Amino acid sequence: MFHIVQYRPLRQIAQNSLSSMCLKLMLSRPAAFAQIWKSWFSSHSLVGNKNILLMGPPGAGKTTIGRIVGQKLDCPVIDIDDDVLETTWNMSVSEKLQDVGNEQFLEEEGKALLKFSASGSVISLTGSNPMHAAGMQHMKKNGIVVYLDVPTAVIMSRLKSMKVDRIVGQSPGISLKDILQFRKQFYKRWYDIRVLCGGDIAPEVVAERVLDAVKRYQNSELETFISTRSSRSGRSMEKDSHKYFSDVVTEGLAPDGGLFVPERGLPEFTAGEWQSLIEATYIERAQVILERCIHPADIPASKLAEIIGTAYGENFTCSKIAPVRHLVGNQFLLELFHGPTASFKDFALQMVPHIFAYCIPRSCNYLVLVATSGDTGSAVLDGFSRLHDTDKQRIAVMNFFPEDGVSPIQKSQMIGCQKENAWSVGVKSDFDFCQTAIKQIFTNSDYTGFLTVEYGTALAAANSINWARLLPQIVYHASAYLDLVHQDIIPFGSPVDVCIPTGNFGNILAALYAKMMGIPIRKCICASNENNVLTDFIRTGVYDLRGRKLIPTFSPAVDILKSSNLERYLHLIANEDGQLVTQLYNQLENQGHFQLRKDLLEKLQQDLVAGWCSEEDCLAAIHSVYSTTGYILDTHTAVAKVVADRLQDRTCPIIISSTAHYSKFAPAILRALRIAEIKQNPLSQLHLLSSYSPLPPVHWGLLETLKRKGNDDHQVCAADMSMLMSRIETLIQNHFM
């Protein structure tokens, strides 16, 4: 067994004087002494019997940072290289490596770990320790593994200046960069917490980040959720009913009809932390951002990595997942249609089903309800149909869409995506009815209670009212900005505008959240079609549905009058005043309108500007862009392009969210390109478009879905609540009983 080496320089240098100072402080300023004692006790209780294991590549600063952390916690510090390996071998690590070679070195190193034991210590691992599975399993049993994530370029620069020559795996023909890249898979396997470390960050700052990260890891109580309609007094009285991430994923809608939001807001990244992600892949960026938004008590980092890898691995046709493409001038397209169902909804809905399956209790079946204005339905059906077979047996999804309010290809796609646990129901009404119906079902406690008691089945939501739907959207807005920096379009810190076709306010809200987390977004431009209630609201502060009827347009995904996620934004700018939000939405429900106070409107207009686009201008934009660039915009992206042209001031780049692939709207595209429209089935229309060799090509996933047989087989229901509830009950009986 190895002896623990303590590193306590402050105590060695000034033990006597320190004791004297404490005594004087206790007698003269008892309040100040109490605060210092509270801080000291908090630091010590942070570790307890657990070890803090610092892990990372050679040159990450593990030894230096370990000493600083140990000093702050006043606990033993152990460096595996110096205090364990060299003591055991009676030779330097570099001599041992030279003596036995790479493979034998790893084995010897692992054996040393297996004989090692400590508690309540800060331990700096070697860069190669994580490559020995048994050794790391032994260390992790009594430790919290903190990954010091330093960009590869920074590590290479440090190692070069240090003239390090003892890296395991280093040999002629194998580059240092390759070695570092290879090792990442082992670091990612073992860590509990990640700390981002840029190039010029002082070790003291990194040490503070380590302590903050460990505190967060050990205290999930801080990351609770509240309803947008809960009052502050009500929250203080309901301390025993805290909601955590797992709860809000499962429940979807708050019991009072509001939407869940994090009580302490979203995490902020420093400029250095964002810059450390510039060279990262999309999947790596997603992992880092989502780790900070989801507490490891809800989803551990290793499981989150598995979910992200499954969601964005082979399911997307583009290796960059969400590429940014230059369009014209200072306009760039964020292509969000490379997922399996060809819309931006795939970014959330390839992830959410796996998050949901992980978070829900095993003792209950779940029926996920979703309302769609076009794209959400097929994305939900596809995502939940990709679950493991055991999860499909306990999780089913039911998709309601306006029977005559989506494009023919969208309808064929939703019907074609039906699987053994996923069904579509056409409703003889519009999207607003479908969405309102689902909200009413969730807040009908008698009905939901009946389903639970009678059938052992709970209801859940997959619309963007579910908090988990928003988080993956934050990622692609942040990633788009980092891509512009990576492409040398802008230096980090320079602002951009974003323009987003908006209906339910979820996508643009995610951009606003990315801004809050530190991405330099200047203005979010809200682009509406002829259903321009949001444009009027952002310009005037009046949300008015009186006398408005939904207008079917070429961009059906934003044919929405009641924007659900706007509620989250109003709660944010109203400083979490749930009573005000409740008042506004009660007024909207009962009187059909509400008006913001002047101060809140001014806040809103600091973030948002808005415009709308006619049907004629939408088609003209598609034709114009194709004529000049050869690129085909879908109808929603065309709406955003028209509004961006009108509202941007050309002083900074503007990122236009391309939210769907044009293949989904073939009749409108054929019309816009002035190709003779022939009354053919959706598959024939796609083949016709493909014959023009468009950019980008026709979406493969859509073609495959439309080729499936049985694309006319779906249920149709009247716009009647009792009938919808009856369909739900029938589905539960057929699938779960």
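This is a predicted model: local features need pLDDT of at least 70, side-chain atom pairs count only at pLDDT 80 or more; totals for chains, interfaces and linings use all residues.
## The largest pocket

H10 makes the largest contribution, with seven residues. Both domain 1 (45-218) and domain 2 (220-262) take part as well, each giving at least three residues to the lining.

How much space lies in the largest pocket? The volume is about 890 Å³. The lining counts 41 residues, and Asp-212, Arg-216, Glu-223, Pro-267 and Arg-292 are the ones nearest the centre of the pocket. Sorted by class, the lining of this pocket holds 21 nonpolar, five polar and 15 charged residues.

## The overall build

Stepping back to the whole protein, the secondary structure consists of 34 helices and 20 strands. The radius of gyration is 28 Å, which agrees with the value near 27 Å that a compact globule of 737 residues would have. Along the principal axes, the C-alpha atoms fill a box of roughly 85 × 65 × 60 Å. Of the 737 residues, 58% are buried.

## Salt bridges across the chain

Side chains of opposite charge can pair when their charged atoms come close. How many salt bridges does the count come to? The answer is 29 salt bridges, and three of them are worth a visit here.

Take Arg-194 and Asp-149, whose closest N and O atoms are 2.6 Å apart in their salt bridge. Arg-194 belongs to strand S5 (residues 193-196) and Asp-149 to strand S4 (residues 143-149), so this pair ties together parts of the chain that are 45 residues apart in sequence. Are the two partners Arg-194 and Asp-149 buried or exposed? Both are buried.

Another salt bridge joins Lys-188 to Glu-284, with 3.5 Å between the closest N and O atoms. Here distant parts of the chain are linked, since Lys-188 sits in helix H9 (residues 176-190) and Glu-284 in helix H14 (residues 282-293), 96 residues apart. Lys-188 has a relative accessible area of 33%, so this residue is partly exposed.

Asp-483 forms a salt bridge with Arg-285, and their closest N and O atoms are 2.8 Å apart. Asp-483 comes from helix H23 (residues 467-486) and Arg-285 from helix H14, which puts the linked parts 198 residues apart. Asp-483 is buried because its relative accessibility is 15%, and Arg-285 is buried at 2%. Elsewhere, salt bridges with shared partners bring Asp-149, Arg-194 and Glu-291 into one network.

## Cavities inside the protein

How many cavities of 30 Å³ or more does a search of the whole structure find? There are four. The largest cavity has a volume of about 260 Å³. Its lining comprises 25 residues, with Phe-344, Lys-345, Gly-503, Asn-504 and Ala-557 nearest the centre. Helix H18 (375-385), H23 and helix H24 (506-516) are the elements that each supply two or more lining residues. H24 gives the most to this lining, namely three residues. The classes in the largest cavity divide into nine nonpolar, 13 polar and three charged residues.

The second largest cavity has a volume of about 60 Å³. By class, the second largest cavity is lined by six nonpolar, one polar and two charged residues.

Most residues other than glycine have a negative phi, and most peptide bonds are trans. Against that background, a few places in this chain deserve a look. The peptide bond between Leu-695 and Pro-696 is cis, with omega about -10°. Pro-696 is part of the loop between helix H32 (682-690) and helix H33 (700-707).

Asp-488 is not a glycine, yet its phi is positive at about 60°. This residue lies in the loop that runs between H23 and strand S14 (496-501), and its relative accessibility of 68% means that Asp-488 counts as exposed. Arg-674 likewise has a positive phi, near 60°. Arg-674 is located in the loop between helix H31 (666-672) and H32, and counts as exposed at 62% relative accessibility.

Notes
Residues are numbered from 1 along each chain as its sequence is written. Side-chain values use heavy atoms; hydrogens and water are left out. A salt bridge is a side-chain nitrogen of Lys or Arg within 4 Å of a carboxyl oxygen of Asp or Glu. Helices (H or I, at least four residues) and strands (E, at least two) are DSSP runs, numbered from the N terminus. Buried means under 20% relative accessible area, exposed over 50%, partly exposed in between (1.4 Å probe, protein chains only). On a 1 Å grid over the protein atoms alone, a cavity is a set of points where a 1.4 Å probe fits but cannot get out, and a pocket is an open set with protein on both sides within 12 Å along at least five of seven lines; lining residues have an atom within 4 Å of a point. Grid points are joined across faces, edges and corners, and a volume is the space filled by probe spheres set on the points. Ala, Val, Leu, Ile, Met, Phe, Trp, Tyr, Cys and Pro count as nonpolar, Asp, Glu, Lys and Arg as charged, and the others, Gly among them, as polar. Domain bounds come from an automatic or database domain assignment. The radius of gyration is taken over C-alpha atoms; the globule rule is 2.2 Å times the number of residues to the power 0.38.
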